[in-house]
Protein chains: 4
Amino acid sequence: MKLLSGTCAIGAPFPPQTRRLRLGIVGGGRISQTQAMAARLTDRWDILAGALSSDSSKAAALGAQWHLDKERCYSDYNIMAKSESERADGIDAVMITTPNHLHYDAAKAFIKAGIHVICEKPLTNHYSQAEELVSLCEEHNVIFAVCYVMSTFPMIRQARKIIKDGTLGTINQIHAEFMQDWMTSDTGADAPHVKWRLDPAQSGPTSCVGDIGTHAAHLAQFVSGLQMTDLRAEFHICGAPKPLEDTAFMMTRFDHKVPGTLMATRLAPGNRGGLRLRIFGSKGGLEWDLENCERLKLTIFGQPDQIITRGHGHGISKHIENLVRTGRGFPEGLIEAWGNLYTEFALAIGARMDNITLEEGYLSYPTIEEGAWGIQFIEAAVQSHQKDGRWTAIS
Amino acid sequence: MKLLSGTCAIGAPFPPQTRRLRLGIVGGGRISQTQAMAARLTDRWDILAGALSSDSSKAAALGAQWHLDKERCYSDYNIMAKSESERADGIDAVMITTPNHLHYDAAKAFIKAGIHVICEKPLTNHYSQAEELVSLCEEHNVIFAVCYVMSTFPMIRQARKIIKDGTLGTINQIHAEFMQDWMTSDTGADAPHVKWRLDPAQSGPTSCVGDIGTHAAHLAQFVSGLQMTDLRAEFHICGAPKPLEDTAFMMTRFDHKVPGTLMATRLAPGNRGGLRLRIFGSKGGLEWDLENCERLKLTIFGQPDQIITRGHGHGISKHIENLVRTGRGFPEGLIEAWGNLYTEFALAIGARMDNITLEEGYLSYPTIEEGAWGIQFIEAAVQSHQKDGRWTAIS
Amino acid sequence: MKLLSGTCAIGAPFPPQTRRLRLGIVGGGRISQTQAMAARLTDRWDILAGALSSDSSKAAALGAQWHLDKERCYSDYNIMAKSESERADGIDAVMITTPNHLHYDAAKAFIKAGIHVICEKPLTNHYSQAEELVSLCEEHNVIFAVCYVMSTFPMIRQARKIIKDGTLGTINQIHAEFMQDWMTSDTGADAPHVKWRLDPAQSGPTSCVGDIGTHAAHLAQFVSGLQMTDLRAEFHICGAPKPLEDTAFMMTRFDHKVPGTLMATRLAPGNRGGLRLRIFGSKGGLEWDLENCERLKLTIFGQPDQIITRGHGHGISKHIENLVRTGRGFPEGLIEAWGNLYTEFALAIGARMDNITLEEGYLSYPTIEEGAWGIQFIEAAVQSHQKDGRWTAIS
Amino acid sequence: MKLLSGTCAIGAPFPPQTRRLRLGIVGGGRISQTQAMAARLTDRWDILAGALSSDSSKAAALGAQWHLDKERCYSDYNIMAKSESERADGIDAVMITTPNHLHYDAAKAFIKAGIHVICEKPLTNHYSQAEELVSLCEEHNVIFAVCYVMSTFPMIRQARKIIKDGTLGTINQIHAEFMQDWMTSDTGADAPHVKWRLDPAQSGPTSCVGDIGTHAAHLAQFVSGLQMTDLRAEFHICGAPKPLEDTAFMMTRFDHKVPGTLMATRLAPGNRGGLRLRIFGSKGGLEWDLENCERLKLTIFGQPDQIITRGHGHGISKHIENLVRTGRGFPEGLIEAWGNLYTEFALAIGARMDNITLEEGYLSYPTIEEGAWGIQFIEAAVQSHQKDGRWTAIS
């Protein structure tokens, strides 16, 4: 039986599924819970297996909380990949939400087992690993999504469409920033979710840049349709001493030498989800802020500003309405954005299963190639920082 | 086995469940889909049965989309109530989202079958029916929640707590309004979700007042902690001619003769989820707007305004953090509010199953008594309107 | 020599003056200082005489602070009217900013002396007095402006134009409110500017309604282009006991039976200059808030919201640019609105002096007829309140 | 007779003047009109002389519009300086608002004549000229203010005080930007106020950096209390080809190596007066935006955000209330900020005339030293830009 019970065409509703896809989890921390809520919300997924801890009794206890069958609570993701791939009712896909340094190894295990993967960013801690994963996916015919979830907000999709339609004219400036404040207090540095993020062995060569800087960089490209080609970066430790940066400032350069800036910090009191994107062109500009994710400011120069609101109609494109669940003015948020990612991931898998060739632009979930680019971005930033902020190509 | 695997204490995390509760659906339209997303998101519910249409082939087709077992797709809610109550794995609770005129009869069937109920508002089209349902719930030991979902937003809970703590001093004004714009256009009046809302046989004696006015009235009471005792109302048809009002303006009176106003309209272009609450007291005031549901404005007179943001800490009370899923600045919205309702509904059922006596204030989901009051409110409004806006007691 | 050195045509710049007009002041409190700043800012006025106190030594001392010639510091406005009218360089116009109960008598003195008048609202404490002033102005050929200054904000003028152009379709709801918080604290009731406002002998039959409710009522009419014909009003004393109301709620009715609401209160902590206007029609709606006076929200139903910003172009009409001093984004405020009133008042006087017949709509300053209507509004509100909020015609 | 009729003490009201000071104008374009409105508004100044054009008939015609005596309409500022200094009723001070390249020469003429000066920024086109003016002022005992008007907004003064009080803890990031959009359109490049700003002979070595970048730089220092010591800059021409930059991005470094960023552009559609300052410290942060100049966002980490509003009390310091004219919620704007500058300039002159020694912090108007620093900033930026964005000391 086909997985998708309808056609896939831009402008038409997304097809429902004849069954829910089966999802496993490697990780089990806070971010996996958020993603799990979103996967369930879509009604396209059942969560059925997990490697929620490397300690087997802890893994079992957590599994019970997740309502997993005992036999599908693993303490080793390699065994999980093998076992699940051998079951008739094995998982179709796995979510990987471990600390960064484990992404590569865990992803490899599932790809090789032919199980589709959705993996947190940064994809890996070295670009060579990312490249290897890209090849493996091709080899094993696996769909691989990377959790640049910010690109799945409806208003971000609308922003991208507006630029693609030429409404802003020629783009000539791109500013992205992600400003948070949760590291302002020096207390709490021993909390597990803080600790690994500041440990180079787990977090990789950066902390703030890899965690939130990459979101900003991805979004800038995703919305503008331009590739970021070069950057100059300076890393800072603005608060208490730490092994890795908590703040980074960059100048950036995109295709056609379009200039931009990028900032990321976790020490900006009053900023929580301060992911902001501003793109300016010869005819107009647009601005979006995660903390007001329901609205997009669009200015056509010479006219009043416009505030486009998530919902149906009133400036929202038909295809984007597929990512809309509640009416205009009845807020959606981050979990719904995750839901959009899990919806598109499911549709990509369904299309692969059903041998459907999708139209260009039908899905826009962040791919493994985008995940790999993110590692190049991080490595260029590190290199630039080490060379006194010299211009460095991202490649 | 106990359903709740932990203790229930104010300030402590909500206990997880040893199993998901089983939920059925009577209705199947857009609002049931929103609620279903929310129920799934909580991971406290499986949706397993439904009376999604009175046409049996349509019911089966819809049931397939909901991934229900064929034998649990019903076309008659009476049969559903009976069958499910007889199954070992029958539903624990049912969601009722039909047009208003069917709430009473459907609710009665499930209460009598000992199945817990969560029902859309307005609860019934006549107060006598609401009273009967209240008695039946007592008789059959059934938990019954009414979908005043706006009272489950974390910032609304925080607002209520601030007032309970006396921060505003003596309350002396309460203003509530719910302003939408979707009926502005005269086209689309034939859409099913519009049609029944304007048909007195289905919608009951009011349209706008019962649909959104009751949200505003409920919220005003819920947050202020004061009972609305009297009102004077005028109904208007501001747009194209219609059998029922699309707009209503009221003056209201609360306990201790505290005065207020209430407005509801669907013809206010630029307002979508325009549910706004403003409460003023001798020491301070607070304001909340559904379209910016993540923020609560609190003013202590003589000090700068405060903007309290949903999240952990930073002014959010410990017990309310149980209703928080994502960090400050990573937006939540209406579906999460529904999730809070489904969480509290599950905990109430769990406590009943496990014979746990809950502390006062541990749960604050809207009860059937609140639902019944809503009908008194509607009937008082109708009566006042018919008598040229005379002051009318709500009772 | 002509006063105006150019032509008066809609769409053309306002003509400069060949000399500044000479202004006198009766009053001398805080509000006269604000108006004086505005008059000076326009460079169309010199302030040259004043009755700043009925105590002659105090009048002299204040006059020195205002840099007035000693001989033009009066302690009696009747003498001032007489003396100034006899001087070759006597004042062209007088600003009256006394407590309410003195407006009538002072205005009469200057009108009879042929001196143009700009007078605070409410115009008088009885409608019969207002009527008399209207007649006297006609008789003595005097220009008389009333200080409904809120109608001189550029964005209010733009709002009026948008409605006149039919952009909102048929108006079907008008909501106006003026919410302040300065009376929240019970202390300070002895301050002079508080005391007279709560003394019926000085303030007249109302306090809050006459002071700020009339602003809201005037603005609702001015922008909508519809006359308010009827109202039902309830007055409240929400804070400490007082001889006059501090709060009032009204339902209102405009031409063609368009319904509305009106609220005024000084006890809404967190609201300072909370004058808000919302007008809805069959095609769209608009909203304005004094605290964000630079922006006008315009919604054409079916399109994104628009935010029109004060400035040149970008949605601002040519004629309204005459009321614009600084570029878009460089804020103007209340003093500039007063400046617009003093500019239009000067132009009206200039046109009268120069025998120029102005085009309909060339000036829109609030006239004595509008001031007189304000007294009818107050009297209707008092009457309605006394009769338990019965519908009462304004006439 | 003393000019100031009262004492000068922090926390006490500013003293009135026994007479208005006499002001002359060199320039006469749009910006001089704005400043003139502000000077008049304060009632501390009479505008009595001007060199409004180098064409003598044009100078006379403009002078008439300004209501100047014929004999005080000059076409040569050197003659004006000489003549006015010789008159008994000669001007006390002069406002210089010519294109940049003339500031130096004009300022020199008036300083040498012993006339106090308020001059537009950038002060000069070469630092050596600025240094010379600093020396001349000392020599001739002249008060010299530079038009960094943004530092005179009450909320900016409050921000500065908050930081000085240590409320933010140790400052660790400073972000300033000034984003406008008026050069977006390529048409209009021939307008006089555009033309000279893009002509290196008149504008100096930069266009955007000198015009608006210096505002941002000055404000960052003024509020933070930290000196900007180094920068790296890249200039861009984002729109149509031009002889000078329309956009610049910088990384900045302040005392104690506190890092920051600075952006300035005139090509950001949707940004008009987009001067924004964000300062973060170990305990809290604050943010201000010119387009919402009445509000200051203050976050003490761990508490709700605060919004401090311009007015009296409610978080506004006593001394700053001297810069407040209308009550909270009754907006003030840029002209009032200019008014504050002209008030402080007048007080500084008065104190000099009356031989009063002012307390540290009594006045905070921008001095010639700050103006001279601005030229060092510009020169460092140019130098850095020319050397591929290398870190460059400002000195």
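1. Housekeeping first. Residues are numbered from 1 along each chain as its sequence is written, and chains are lettered from A and ligands numbered from 1 in the order in which they are written. As the model is predicted, local features need pLDDT of at least 70 and side-chain atom pairs count only at pLDDT 80 or more, while totals for chains, interfaces and linings use all residues.

2. On the core: the largest nonpolar one holds 499 residues, and A:Val117, B:Val117, C:Val117 and D:Val117 touch the most other members. (Such a core is a set of buried Ala, Val, Leu, Ile, Met, Phe, Trp, Tyr and Cys residues joined through C-beta atoms within 7 Å; buried means 20 or more other C-beta atoms within 10 Å of a residue's own, with C-beta atoms placed from the backbone.) Leaving out residues up to four places away in sequence, C:Val117 touches C:Ala93, C:Val94, C:Ile96, C:Ala107, C:Phe110, C:Ile111, C:Val142 and C:Phe144.

3. Now chains A and B. Their contact (C-beta atoms, placed from the backbone, within 7 Å) takes 29 residues from chain A and 30 residues from chain B. On the chain B side, α1(B) gives the most, with 4 residues.

4. A rotation of 180° with 0.0 Å of shift along its axis puts chain B on chain A, RMSD 0.0 Å (least squares on C-alpha atoms of residues with pLDDT of at least 70 in both). That's the relation of a two-fold axis.

5. 17 of the 21 residues of α10(C) are buried. C:Asn355 follows α10(C), with a positive phi near 60°.

Note on methods:
A residue is buried if 20 or more other C-beta atoms lie within 10 Å of its own, exposed if 12 or fewer, and partly exposed in between; C-beta atoms are placed from the backbone. Two residues are in contact if their C-beta atoms, placed from the backbone, lie within 7 Å. Helices (H or I, at least four residues) and strands (E, at least two) are DSSP runs, numbered from the N terminus.
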